[in-house]
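User: Please take a close look at a single part of this model. I would like one connected account of how that part is built, with the cut-offs behind the terms.

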Amino acid sequence: MGPAPTLMYARTPPSAGDGYLIRTDITVPERPVLWIVGSDPRGALYGVGRLLRTLECRKGKALLPEPLEVSSAPVYSIRGHQLGYRATANSYDAWSPEQFDRYIRELTFFGVNCIEGIPFQDDRPTVNTFPRAKMNVEQSRICARYGLDYWIWTPADFDLKDAALRKGSLERFETLFRECPRISAVFVPGGDPGSNSPELVMPYLADIAALLGRYHPGARVWLSMQGYDGFGQDAVYRWIERNRPTWLGGLVGGPSSPPLHEVRARLPKQYGLRDYPDITHCVRCQFPVPWWDPAFAFTLGREPANPRPVFYATIVEDTAHFTDGFISYSDGIHDDVNKVVWSALEWDP
């Protein structure tokens, strides 16, 4: 046997974060070597995902139909999905940590780099006996294992003028921040749920950010303006302009939010803009199925299996360029095709 091929055959991967290069070296025909080189460890993981999607599976073997020569890096830096371990979800609340691990790992094969948990909202009992507080930490650990960003979604669905409730909320945040090995961002929706004014929400976010910085210095807090009228939106922009907080990652668009292009136009360029698209519902939602036969709308309801690749490809094409990426709203596995469509298109439109 001759010497093993050296890394020089792999050339150089893209310099952008999450990028990868795949190259087939057939210098020794009887010993072909496939190089997968990431611009960073996460990039190597995405390269593996690209290979797995390219292989043709046969009984007892997998074949690469032709040599791979690929260099790729994502266009958008935020690409993720919300996987809430709560009763509202139609499947996630029945999962074990091992199932979450596999599902999250397989999402990375399509370019996902963010997972968003829901640590507190919806206290109804679930079908699983695994404690929710422990699952919050497990999701964080899984993301850390694969080098993914771990976001949390947590609304202020109580009266922020109630000092005792506000104090208790911040104490729960601090416990979560202390126990989780990785938190990249905290997303607080202004509404849906929640009905507090921006004058109350912005100082609350600042207090969350102060606690977050003690345990996860690089993490940032994000806000959506869901449910805010024009006066509320103006109040948010004025507060940001006046204070220019370094703890603010940016704003989030989603159901009942102002249009993404308007937010980007008014938001100072130093802050990011993330989409929060509802890819999970079919009626009474952000993107209802148009002209759906009422027989299906009334019997299948909001959350049937709902692959909509052509429609969501159009949404991505029309809106993504205003943003830094997306983390979707999902309530189960019925929208997995939509997850793949959004993930792949925001890697490469």
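Analyst: Strand 8, helix 4 (residues 163-179) and strand 9 form a β-α-β unit that is right-handed; that is, with the strands pointing away from the viewer, the path from the first strand over the helix to the second runs clockwise. Helices (H or I, at least four residues) and strands (E, at least two) are DSSP runs, numbered from the N terminus. The model is predicted: local features need pLDDT of at least 70, side-chain atom pairs count only at pLDDT 80 or more, and totals for chains, interfaces and linings use all residues. Residues are numbered from 1 along each chain as its sequence is written, and side-chain values use heavy atoms, with hydrogens and water left out.

Strand 8 (residues 149-153) is largely enclosed by the rest of the structure, because 4 of its 5 residues are buried (under 20% relative accessible area, 1.4 Å probe, protein chains only; exposed is over 50%, partly exposed in between).

Strand 8 pairs with strand 9 (residues 185-189) in parallel through 3 bridges, where two strands count as paired if DSSP finds at least two bridges between them. In this pairing, W151 has A185 of strand 9 as its bridge partner.

From strand 7 the chain passes through helix 3 (residues 132-146) to reach strand 8, in a β-α-β crossover that is right-handed.
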